[in-house]
Amino acid sequence: MGRTIESVCVVGAGTIGSLYAGHLAQVAEVTVLTRRREQAAALNEAGLQVSGKSDLRARVTASHQPDGIDDVDLAIVACKAVDLPRTAERLEGRFRRAAVMTVQNGLGAEEVVRLHGEWPLISAVTFMSGTRRSDTHVEYELDTATWMGPYMAGGPPYETVQELERLLIAGGLEAEAMPDLRPAQWSKLIFNSAVNGVAALTDLPHVHAFAEEDEFSDLGHLLRGLIDEGKAVAAAAGIELHDDPWEMNVRAVTRGETQRSDYAHVPSMLADVRARRPTEVDYISGALAREGERLGVPAPLNTALYRLVKAREASWR
Amino acid sequence: MAMRVCVVGCGAVGSLFAAHLAGVAEVWAYDLQRDHVDAINRDGLRISGVSDLVGEVRATAHPAEIPPCDYGIVATKSMHTEAAIAATASAFENGSVCSVQNGVGNEELIAPHVARVIRGTTFPAGHVVEPGHVEQDTGGKTWIGPFEPKPAAMDEVERLAAALSKGGMETIAMPDSRGAQWTKLIFNAASNPVGALTGLPHGWACERPDIRELVRGLVAEGRAVADALGVELDSDPDELIDHAIKVAHDHKASMLQDVEARRPTEVDFLNGGISRFGRERGVETPLNDAIWALVKGLEMSWSLDD
């Protein structure tokens, strides 16, 4: 089968977007659509540097205006979920021959993008993470996979997703194509609702305490309760989970453990809270709570986290 | 013969008790804050705000200096109860000891060290302005009654209530004071941690329909545990929450103040207390368990930074 993805536009050059752009630029023609003019100028000038788990430099063409980007075969929308509505709106009428991939946390990103165009959509969740050093430099920290599948209500042929898997791997990233992403999407949703919500409220990075259940007041006990609720909602939705979210939690706190808790991963929602930015909680714990309500499976603990994080956001205003 | 009382833990609440009682009894205060102790011994213990008085109180940081007392009044933060009563117990060999602390579980910690225990709940609150000087922010009643597993005699309870009331702190003696204690416990356990976890003052948090719903859920669990214990609440905690939205709209809960100052909180004796008593009675308290774990996690985060 011939190659159909020659050119890629990464929409949103935060940490995740920069990691896609830097790696894919090794194997495809990459453009970057930024929100800020200065970042586009810096990227055109200096290119993109990735350090950490990869060590590479990439030449990219960047613009802060959709008009400044040529049509492509694939667009990866890598902005934060909270920025998705206005970002998707900017893509309206653009990229007529492209497939569009969403990588936002939580549920509902595909529906938001669909409001603005009929592109074949690829659902994705990513477990890789990093830290932005500057507008043109990102540190690649967790080299874990991106999982992708055709959006069930209107995706490209599965072969396209498989081609993208090969392309990402050739570029130096971990990736896995799946005919149906929902089991993986829900595994991550349940994991994120518990881990991100608890981290955001306790100011704790993802330390080993998240998996400790000896005492009733231990965080692992709470994580277990949150995850069990999520699994019940998933079961009611007819989703057979790809990974057990509790096992994901245990793996994450023991992976590369150094006994030094300050090396623990800072979940994105905690980073948002520390920076007093709006969080993605509406798409994560909020989405899980709403799904639970819709399906008649109450999720009181996830609902409590959702409410507390929303109130926490309100305290900055 | 004059009554002799020692207030154990002479912070804001302890000072209110000590200074008011000083008008009607011989009052000692045990506290580890040296500058506070010295100021009290030098200038007396001054209360301003809702009350305005100076009490003559003998303060010490040395338990051996405390003479035998008729009553002890324990007013430390709950996490210091055990150490404070262990240090001072010998002064109460022939007396009874009353807790006026937040939450549940303090009397259980006091009981192994002394002969007779009184269960107390108090509403007046204040804050330390400077050593030897406490501002009283709110008035209100105090309820005391025998602690059932190791009770003080009812006439002993009544004598203490009379002295406190005469000294200016309205106190009600009752055979069963659990209703007052659990009402305040449920109110505090529902409203305090929500402030601590969100950073919002009471009214700002509880006016939000989503948070009010969460608070209602916490109250309902506390009420179920009280029911299982056979405790009859003396008022409706949900009504207290709504009332406080009006009268304490911008008040930052003490637990939020603790969190902002990175001091250990009393959550073990609030949500933790509801959870423990609930389990003893086979009543599940998932929301209180969750809040307990979150606040403990928040406390843990302070030790990671440094």
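An open sheet of eight strands in chain B has the order β5-β2-β1-β6-β7-β8-β11-β12, and its pairing is mixed. The structure is a predicted model. Chain B is assigned a domain 1 (4-173) and a domain 2 (178-301), and chain A a domain 1 (7-177) and a domain 2 (182-314). Between the two chains, 25 residues of chain B are in contact with 25 residues of chain A.

- In β2(B), the residue opposite B:Val8 is B:Tyr30.
- Helix α6(B) lies across β8 (116-122) and β11 (142-146) of chain B. The helix runs at about 45° to β8(B).

**The four-stranded sheet of chain A**

- Chain A has an open sheet of four strands in the order β4-β3-β10-β9, with mixed pairing.
- Its edges are β4 (56-58) and β9 (129-134) of chain A, and since each has a single partner strand, one side of each is left without a neighbour in the sheet.
- Neighbouring strands here are turned by 25° against each other on average, direction ignored.
- Strand β3 (residues 48-52) and strand β10 (residues 137-142) of chain A run parallel and are joined by four bridges.
- A:Val50 has A:Val138 opposite it in β10(A).

**Domains within each chain**

- In chain B, the centres of domain 1 and domain 2, taken over C-alpha atoms, are separated by 24 Å.
- Eleven residues of domain 1 of chain B are in contact with 13 residues of domain 2 of chain B. The side of domain 1 of chain B that touches domain 2 of chain B has three nonpolar, six polar and two charged residues.
- In chain A, the corresponding separation of the centres of domain 1 and domain 2, again over C-alpha atoms, is 25 Å.
- There, 14 residues of domain 1 of chain A are in contact with twelve residues of domain 2 of chain A. The side of domain 1 of chain A that touches domain 2 of chain A divides into seven nonpolar, six polar and one charged.

**Helix packing within chain A**

- Helix α10 (residues 285-295) and helix α11 (residues 300-314) of chain A have axes that come within 8 Å and cross at roughly 135°. This angle makes α10(A) oblique to α11(A).
- The crossing of these two helices, α10(A) and α11(A), is left-handed.
- On the α10(A) side, the contact is made by A:Ser285, A:Gly286, A:Leu288 and A:Ala289. On the α11(A) side, A:Asn302, A:Thr303, A:Leu305, A:Tyr306 and A:Val309 take part.
- By class, the contact of α10(A) with α11(A) has five nonpolar and four polar residues, and no charged ones.

**Where chain A and chain B meet**

- With 25 residues of chain B in contact with 25 residues of chain A, the side of chain B that touches chain A draws at least two residues from each of α6 (178-198), α8 (209-229), α11 (271-280) and α12 (286-305) of chain B.
- The largest share of that side of chain B, 13 residues, comes from α12(B).
- The residues of the side of chain B that touches chain A divide into 14 nonpolar, seven polar and four charged.
- Across the two chains, α11(A) packs with α8(B) at an angle of about 135°, with the axes 9 Å apart. That angle makes α11(A) oblique to α8(B).
- The crossing of α11(A) and α8(B) is left-handed.
- A:Pro300, A:Ala304, A:Arg307, A:Lys310 and A:Ala311 of α11(A) make this contact with B:Asp210, B:Ile211, B:Leu214 and B:Gly217 of α8(B).
- The residues of the contact of α11(A) with α8(B) divide into five nonpolar, one polar and three charged.

Terms used:
Residues numbered from 1 in each chain as written. Chains lettered and ligands numbered in written order. Predicted model: local features only at pLDDT ≥ 70, side-chain atom pairs only at ≥ 80, totals over all residues. Axes fitted to C-alpha atoms, helices over the stretch in contact; angles between N-to-C directions. Parallel < 35°, antiparallel > 145°, perpendicular 65-115°, else oblique. Left-handed = near helix turned anticlockwise from the far one by under 90°. Contact = placed C-beta atoms within 7 Å. Nonpolar A, V, L, I, M, F, W, Y, C, P; charged D, E, K, R; others polar. Pairing = 2+ DSSP bridges. Domains from an automatic or database assignment.
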